[in-house]
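Good morning, everyone, and thank you for making the time. Please bring up the model on your screens, and I will talk you through it slowly.

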Amino acid sequence: MSSHSPNQTHSMGAPFKFTDANLATYQEYLTRYDDVESALLPVLHLVQEQIKWLPQEAIEYVSVLMNIPEIKIKEVISFYDMFYDVPVGRNMVHVCTNITCSMFGGREIYAGLLKHFDTDYLTPTRDGRISLQKMECLGACEMAPCMRINNDYVGPVDLADAINKLEELP
Amino acid sequence: MERIMEKDTANYKDYSLLSYHHIPGVHNLEVFERAGGYEMMKACFDKDPEAIKEVVKASGLRGRGGAGFPTGVKWGFFTKDRNAQKYLLCNADESEPGTFKDRYLVEKNPHILIEGMIISAWALGTQKGYIYIRGEFQQQAVILERALKEAYAKGYLGKNILGKGFNFDLYVHRGAGAYICGEETGMISSLEGKKGQPKLKPPFPAIKGYRGLPTMVNNVESLAAVPWIMRFGADEYKKWGTEKSAGTKLFSISGDVNKPGVIEVPLGTTLKEIIEVHCGGMRNGNKLKAVVPGGSSAPVFNHDESYSVKMDYEDVASKGSMLGSGAIIVLDETRNIGDLMKWTLEFYHHESCGQCTPCREGTGWLESIFKRRETGKASKADIDTLDKTAASMRGQTICALADAAAMPAQGMIKSFRSELEAYIMTPTNTGKK
């Protein structure tokens, strides 16, 4: 197991607030729902668009902004695989390890990528570039084995392809 | 059903769902309309909402998300009070392993879903709707958002639609990676900004759903079928499929076939035809060993069952499995059922929401047998333990996830016991590619 201290876009302890543009997006979200709580998932996605993950400072900010207890927000964060309460890399890579992808080597690709980038589940690479996450079925089994690089689906891939694609990431 | 398709013209009579799919740029509203899109929406505003519900009911359309409950009957449980606050919720969570049909449908043709939802909203009298799409489908969410913007600009959504005095707002809501949010009450919890934990039924969402208000939850494919049904009528729709399984169905096919992908065929099409004709046969000319016919929670078919089954709700059920979401995973003779079982059970353990003990603990116990195998500590008797544990989980929980884990496990034991016994006694992986 390796554990690095990554270059974070947001350091622990620094205050968090939405950019003006994201604050405007937040206000627009509120018009979509008949209560504030329903906007929580979109808001957490928006925080991650801004700083990639959900540090304590962001949770406190959202709690005040939406008047939702911190513990409720933490429950939600821990429940969903795509909300991150640990720092992650600049690029998020999801590798499918469900049935069809595993038939075509998805698990070996995930293990091979962890080894190549000398990292483990979600831990950013030393340069802060990439976080790897094994995922359940991504809903693209015709591309098996498939992965998501940020929001792009790619597949079928083999380990060499996958390494090449990830090495090109900024 | 494969024909040479005319460009820019929807092949209404060949398909109900993919009739626009061959048209370049059909994700643009203008192109979609030129091919006949939104015509039925306009026509339906002159129809009595109750009459629309009757047509959908008479068509025999059954919920395409997995349960197969008749959509028109479900609509019949909904309040007829048009002034009551209520919601229409489209289930685009699509996370049953092996399923990718809804993604395929909306990423190319988002407007067919939006048109279906507007007609459904008019029939049901809902003022607001959400398309709950799984978090991973970020690109598809963007495609839908863009399509919604176009529909708003045309006055097909929002206040006083086409001057008919009907208001309907529709939004995309992204999930964040949780299988259980595909269960309708889990989805409602998630939309409410909570953990996606299912709620006890009754009350059903049609009576008490999102925010405690009446909520109609339908799958993407069900809602997208509505415009076609309204165009040609219930009788035409029923000409496809079987007596009890009417219409066409999207199937997602993956695994050891030459051409994996999404096809639309009438319900009742044989699995043999789907594999050999539509999917180009078995990969590498290998022999078929087993098929998961309806997503990972459907019990597996062996070779003979696979080649004799017709893909409709009744025939699949009569052979001991279920049609589910129409996700077909094909395994050839080189595959080991032990691997399939291990991957399936790991998945359900990971995705159990944790609120019911038989599921939270049971899915862990089922998976633990495969952990013991890694250290060489598993024994043949573990297969019996697995079978008994699975049996004890069924019907004991708020939602069907425990059953969804137990059913395929028991199905594999029933059909492939000796292979599983050998697998469990082998300390390292076998059948690997």
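Let me begin with what I mean by a domain, since the domain bounds I quote come from an automatic or database domain assignment. Please keep in mind that this is a predicted model, in which local features need pLDDT of at least 70 and side-chain atom pairs count only at pLDDT 80 or more, while totals for chains, interfaces and linings use all residues. Residues are numbered from 1 along each chain as its sequence is written, and chains are lettered from A and ligands numbered from 1 in the order in which they are written.

For chain B, the assignment gives domain 1 (29-238), domain 2 (248-332) and domain 3 (337-424). The centres of domain 2 of chain B and domain 3 of chain B, taken over C-alpha atoms, are separated by 23 Å. Two residues are in contact if their C-beta atoms, placed from the backbone, lie within 7 Å, and 10 residues of domain 2 of chain B touch 10 residues of domain 3 of chain B in this sense.

Which two helices cross at roughly 165°? They are α15 (residues 357-374) and α16 (residues 381-393) of chain B, whose axes come within 10 Å; these axes are lines fitted to C-alpha atoms over the stretch in contact, with angles running from 0 to 180 degrees between N-to-C directions. That makes α15(B) roughly antiparallel to α16(B), a label for angles over 145 degrees. Among the residues making this contact are W365(B) and L366(B) of α15(B), and L386(B) and M393(B) of α16(B).

Finally, the two chains meet in a contact that takes 42 residues from chain B and 34 residues from chain A. On the side of chain B that touches chain A, the largest share, 6 residues, comes from α14(B). Chain A itself is divided into domain 1 (20-79) and domain 2 (91-167), and the C-alpha centres of these two domains of chain A lie 28 Å apart.

Conventions: Helix = DSSP H or I, 4+ residues; strand = E, 2+ residues; numbered from the N terminus. Parallel < 35°, antiparallel > 145°, perpendicular 65-115°, else oblique.
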